[in-house]
Amino acid sequence: MRPPSPPSRTTTAVRPTPADTGAPAPRPLEIRGQLRRPLALTVAQLRERWPRHRAEVVFDCATNGPQRHTFEGVLLRDVLDAAGPAFDASRRKDRSRYLLAVSGGDGHHTVLSWAEIDADFGDAPVLLATAMDGRPLDAAGSQLVVPSDRCGARYISTITGIWVGTCAPPEQP
């Protein structure tokens, strides 16, 4: 059994990262679902439109053991706020019903709840990374970074899409 990983840290005030000019950029990440303004964004657009944050993380990878990385990116909640989720923002219970399904180009998927990233609930500083360890991710695509996770399963690489919405409520007996 491995000893627990040290906690991850997220800070703000990141210097601009130069764009990678070597390889062609992957297709834009599409944000869709129950939104007022669906978006399609490149890594460069993420970097240009929202304040950048830095997260120094340590997580356990099932195949490669502990991983240590520094990610730079934008807060997922800032980007999703710009897409205009179709809930009533003044109603906490309305917001708490929303789910976020994130898909990666490598076939990996994960689900988060809006409440995890909402400032009134979990306030988790989940990032859409634009750089990893000082290297821009323009050619590889954005990566989902969940600094509070001790396991790396929700670190989704090459994000291709984020769906925002509610699932059907459970049936009543």
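This dialogue explains how to read several features of the predicted model shown above.

Trainee: Which conventions apply before any feature is read?

Mentor: The model is predicted, and local features need pLDDT of at least 70, side-chain atom pairs count only at pLDDT 80 or more, and totals for chains, interfaces and linings use all residues. Residues are numbered from 1 along each chain as its sequence is written, while side-chain values use heavy atoms, with hydrogens and water left out.

Trainee: How many helices and strands does the protein chain have?

Mentor: Helices (H or I, at least four residues) and strands (E, at least two) are DSSP runs, numbered from the N terminus. The protein chain has four helices and eleven strands.

Trainee: What share of the residues counts as buried?

Mentor: Buried means under 20% relative accessible area, exposed means over 50%, and partly exposed lies in between (1.4 Å probe, protein chains only). Of the 173 residues of the protein chain, 44% count as buried. The accessible surface, taken from the Shrake-Rupley method with a 1.4 Å probe where, for residues, only the protein chains shown count as cover, comes to about 9300 Å² for the protein chain. Carbon and sulfur atoms hold 53% of that surface.

Trainee: Is strand S8 mostly covered or uncovered?

Mentor: Strand S8, residues 127-132, is mostly covered, with six of its six residues buried. Ala-131 lies in this strand, and Ala-131 counts as buried because its relative accessible area is 0%. Ala-131 and Arg-47 are 84 residues apart in sequence, and their C-alpha atoms are 9.3 Å apart in space.

Trainee: Which strands are joined to S8 by bridges?

Mentor: Two strands pair if DSSP finds at least two bridges between them. Strand S5 (residues 65-75) is joined to S8 by five bridges, and the two run antiparallel. In that pairing, Met-132 of S8 is the bridge partner of Phe-71. Strand S10 (residues 143-145) is also antiparallel to S8, with three bridges, and Val-145 of S10 stands opposite Leu-127. Strand S9 (residues 135-136) pairs with S8 in the antiparallel sense over two bridges, where Arg-135 of S9 is the bridge partner of Met-132.

Trainee: What phi does Asp-133 take in the hairpin of S8 and S9?

Mentor: Most residues other than glycine have a negative phi, and most peptide bonds are trans. The hairpin of S8 and S9 has two residues between the strands. Asp-133, in the loop between S8 and S9, has a positive phi of about 55° although it is not a glycine. Because its relative accessibility is 33%, Asp-133 counts as partly exposed.

Trainee: Where is Asp-123 found, and what is its phi?

Mentor: Asp-123 is found in the loop between helix H4 (114-117) and S8. Asp-123 has a positive phi of about 50° and is not a glycine. At 37% relative accessibility, Asp-123 counts as partly exposed.

Trainee: In which sense do S2 and S11 pair, parallel or antiparallel?

Mentor: Strand S2 and strand S11 (residues 159-166) pair in the parallel sense over four bridges, and Glu-30 stands opposite Gly-161 in S11. Strand S2 (residues 29-33) is also joined to strand S3 (residues 39-41) by three bridges, and these two run antiparallel. Leu-39 in S3 is the bridge partner of Ile-31, and S2 and S3 form a hairpin with five residues between them.

Trainee: Which residues are in contact with Val-164?

Mentor: Contact means heavy atoms within 4.5 Å. Val-164 lies in strand S11 and counts as buried, at 0% relative accessibility. Leaving aside neighbours within four places in sequence, the residues in contact with Val-164 include Arg-32, Gly-33, Leu-80 and Tyr-98. Val-164 and Pro-38 are 126 residues apart in sequence and 9.8 Å apart in space, C-alpha to C-alpha. For the protein chain, among contacts between residues at least 6 apart in sequence, 65% join residues at least 24 apart.

Trainee: What volume does the largest pocket have, and which residues are the closest to its centre?

Mentor: Rolling a probe the size of a water molecule over the atoms shows where empty space is left. On a 1 Å grid over the protein atoms alone, with a 1.4 Å probe, a pocket is an open set of points with protein on both sides within 12 Å along at least five of seven lines, and lining residues have an atom within 4 Å of a point. Grid points are joined across faces, edges and corners, and a volume is the space filled by probe spheres set on the points. The largest pocket has a volume of about 330 Å³. Of the 16 residues that line the largest pocket, the closest to its centre are Phe-59, Cys-61, Gly-152, Ala-153 and Tyr-155. Strand S4 (52-61) and S5 each supply at least two residues of the lining, and the largest share, three residues, comes from S4.
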